[in-house]
Number of protein chains: 2
Amino acid sequence: MNFGYTMPTHVVVGRGCVRANADMLRLGGHALIVTGRSSAQNGARRDVIAALQSNGQRYTVFEGVTPNPTLGCVREGLGVLRESGADFVIGVGGGSPMDAAKAIALLAVQPRADGDVFSGGYALDALPMAHVPTTAGTGSEVTQYAILTDERMRTKTSISSPALFPKVAFLDGSYTDTLPLRTTVHTALDAFSHAAESMLKTSSSPMSEMLARESLRILYPLFGSLSAPTCEERDRLLYAACLAGMAIAQTGTTIVHGMGYFLTYDFGIDHGRANGLLLGETFRLCEEKGVPAMRAICAACGADTEEICETVSRLLGAREAIPRARLEEYAARTMSHKNIRKCKFDPSKADVLRIFLRSFPA
Amino acid sequence: MNFGYTMPTHVVVGRGCVRANADMLRLGGHALIVTGRSSAQNGARRDVIAALQSNGQRYTVFEGVTPNPTLGCVREGLGVLRESGADFVIGVGGGSPMDAAKAIALLAVQPRADGDVFSGGYALDALPMAHVPTTAGTGSEVTQYAILTDERMRTKTSISSPALFPKVAFLDGSYTDTLPLRTTVHTALDAFSHAAESMLKTSSSPMSEMLARESLRILYPLFGSLSAPTCEERDRLLYAACLAGMAIAQTGTTIVHGMGYFLTYDFGIDHGRANGLLLGETFRLCEEKGVPAMRAICAACGADTEEICETVSRLLGAREAIPRARLEEYAARTMSHKNIRKCKFDPSKADVLRIFLRSFPA
């Protein structure tokens, strides 16, 4: 037994939890609310603003975050932050607003030129943050990662720093009640992928495995209900996504994420969908290689590898057509991705190409 | 779903973890090592001092902590702290040194007269702390509780404050290798009691239940090996005790703890043993009352209530004789204990008396 465990974010769960715990938003005098457009509809923004007002705190809304945020978007948010004089940050939305919020909170305190943003070595210092997820997928509310579009590398790349753990995360399932089916499915696949990938890392530990198993145990049976989840099922999805986030906060993700980022960058495929598209063939590879963690994943799901692969495939529906030449290019680029390390299934270039080709049959 | 979750302590697990992570002890310039006498033998004190020396940090050892520390002991430690100029605290030992260390770290920053120590309302401020458990039981390294002897109330009483979470906990099973059988058994029963009691609180949550179930799942099968645990089993005991600590950090303990404190105060019965002595009859009461959490405890242990009760009884051996008049007095005093609240088995005075009387048959 040899591992570390850290999860410093205080998590509050329950419908109405933002207003009921307004006190926990006392992280400064003036909040920058970093969000996309949908938070104006789902109730999250309204609740955050009401809580800030009840605390007598000032706020500025930066709603310019688009999916797969770029450094340009982060710089724009930083400009709004400086102009407003905000001294803490609230990320409200899916992974994109939360990750943009994290980058803003970090770069506000530790400025970097664009070329250096992804080169690591950050000190333990960022503006304090609260996060309010409005999708049940990313788990970003409990991780030290911010994933941004990296134009230079033509993919998405993560910033990882303990400074990026939010102080508090508010999980209110009601913000996910109005999600379209497509988003519900893709974000659930993202969460599922996090939990499973965490178990497939050599950096997994008894703690990360407990979190991942519990996440899979909750998520997998909900895959049959994604077309019309009850409120209670929405709450469970959100909680399971958070558990999966806690798991990858310990382990990181596998090459599935690294591979999927190319698909998102070049073809605009939703992040969770990109993971889902690659997950089945990754599982089949693990099964063939006899990776013990694959058995643990099956046990947590209560299904065998083939059943899981078919369930995920059904959720995805028709697959995109990706030209073989692109897949071969991605396989080559994948081998230099940082996530190629510490995968229990030790993927060779042939393995990676096989996953790509079988995931997108001609 | 409606709950909060917090566990801000960074946990490091593994043999040799103190020296290997000496950097994590950089919590100040001068450490007060709060400990009992045994840490000089089991290697923990040596490793902590070596780590501090490698960091170039100063240290002072206060080894005056005795079992079930009093306020007098804490005051003595505070005196040593002030005289030494130490600016952070390292608790090394079982629950007693760790809890004394917590009280010292808290009262150093927020002084209180003896009569006010247990009255709560502490601000979120204490000297930074690292903890090194040398028994596999208390879980104090990951909780916000410090349990001290309360001479005024003739029992033990807890101080509870988020300020009491240590910054870091080092779990090195080697420090438990030389524990006498009696201590191994009693501390394992303490951990078991924490996990089970956490599940019997109405304040339990999906997170606390996950932690408690995992703790029970690891602990119960080890009960057959306590007479001569392997190193690997020692490591698992220590980890399971930590998980149980994380669980009670969310929920608190039940009346079993409140009842046991009388036995420790008046008869010097080890804390874990006191819990163990009362646990079986508490389980039987829960079984009779049809408390669903009792079924969850059984499922996690892989045994039925009667099997669990008999296993615990076997570990305890011959029970102490406690005069009936004392048990009746304790039952009355138990009803005003703060832990009487939020127990899923909703104990009446008759229930409490029944647990006491059946636990100590005349």
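At what angle do helix α5 (residues 181-199) of chain A and helix α7 (residues 231-251) of chain A pack, and how far apart are their axes? The angle is about 35°, and the axes of α5(A) and α7(A) lie 8 Å apart. Keep in mind that this is a predicted model. The crossing of this pair is left-handed. On the α5(A) side, the contact is made by A:A188, A:A191, A:H194, A:A195 and A:S198. From α7(A) come A:L237, A:A240, A:A241, A:A244, A:G245, A:A247, A:I248 and A:T251. Sorted by class, the residues of the α5(A)-α7(A) contact are nine nonpolar, four polar and no charged.

Now for another helix pair. Helix α6 (residues 206-222) of chain A and helix α10 (residues 292-301) of chain A have axes that come within 7 Å and cross at roughly 45°. Angles between 35 and 65 degrees count as oblique, so α6(A) and α10(A) are oblique to each other. Their crossing is right-handed. Here α6(A) brings A:R213, A:L216, A:R217 and A:Y220, while α10(A) brings A:A296, A:I297, A:A300 and A:C301.

| Helix pair | Angle between axes | Axis distance |
|---|---|---|
| α5(A) and α7(A) | about 35° | 8 Å |
| α6(A) and α10(A) | roughly 45° | within 7 Å |

On to the sheet. Seven strands make up an open sheet with mixed pairing, in the order β4(A)-β3(A)-β5(A)-β6(A)-β9(A)-β2(A)-β1(B). The edges are β4 (58-62) of chain A and β1 (2-5) of chain B; each has a single partner strand, so one side of each is left without a neighbour in the sheet. On average, neighbouring strands are turned by 15° against each other, direction ignored. Within the sheet, strand β6 (residues 129-133) of chain A and strand β9 (residues 168-171) of chain A run parallel and are joined by two bridges. For A:A130, the bridge partner in β9(A) is A:V168. Helix α4 (residues 95-109) of chain A packs on this sheet, where it touches β3 (30-35), β5 (88-93) and β6 of chain A. The direction of α4(A) makes about 165° with that of β5(A).

The contact between the chains takes 18 residues from chain A and 18 residues from chain B. In chain A, β1 (2-5), β2 (10-14), α6 and α7 each supply at least two residues of the side that touches chain B. The largest share, five residues, comes from β2(A). By class, this side of chain A has 11 nonpolar, five polar and two charged residues. Because 100% of the interface residues of chain A are also interface residues in chain B, the copies meet through the same surface.

Strand pairing crosses between the chains too: β1(A) and strand β2 (residues 10-14) of chain B pair in the antiparallel sense over four bridges. In that pairing, A:Y5 stands opposite B:V11 in β2(B).

How values were computed:
Residues are numbered from 1 along each chain as its sequence is written. Chains are lettered from A and ligands numbered from 1 in the order in which they are written. This is a predicted model: local features need pLDDT of at least 70, side-chain atom pairs count only at pLDDT 80 or more; totals for chains, interfaces and linings use all residues. Two residues are in contact if their C-beta atoms, placed from the backbone, lie within 7 Å. Two strands pair if DSSP finds at least two bridges between them. Axes are lines fitted to C-alpha atoms, for helices over the stretch in contact, and angles run from 0 to 180 degrees between N-to-C directions. A crossing is left-handed if the near helix is turned anticlockwise from the far one by less than a right angle, and right-handed if clockwise. Ala, Val, Leu, Ile, Met, Phe, Trp, Tyr, Cys and Pro count as nonpolar, Asp, Glu, Lys and Arg as charged, and the others, Gly among them, as polar. Angles under 35 degrees count as roughly parallel, over 145 as roughly antiparallel, 65 to 115 as roughly perpendicular and the rest as oblique.
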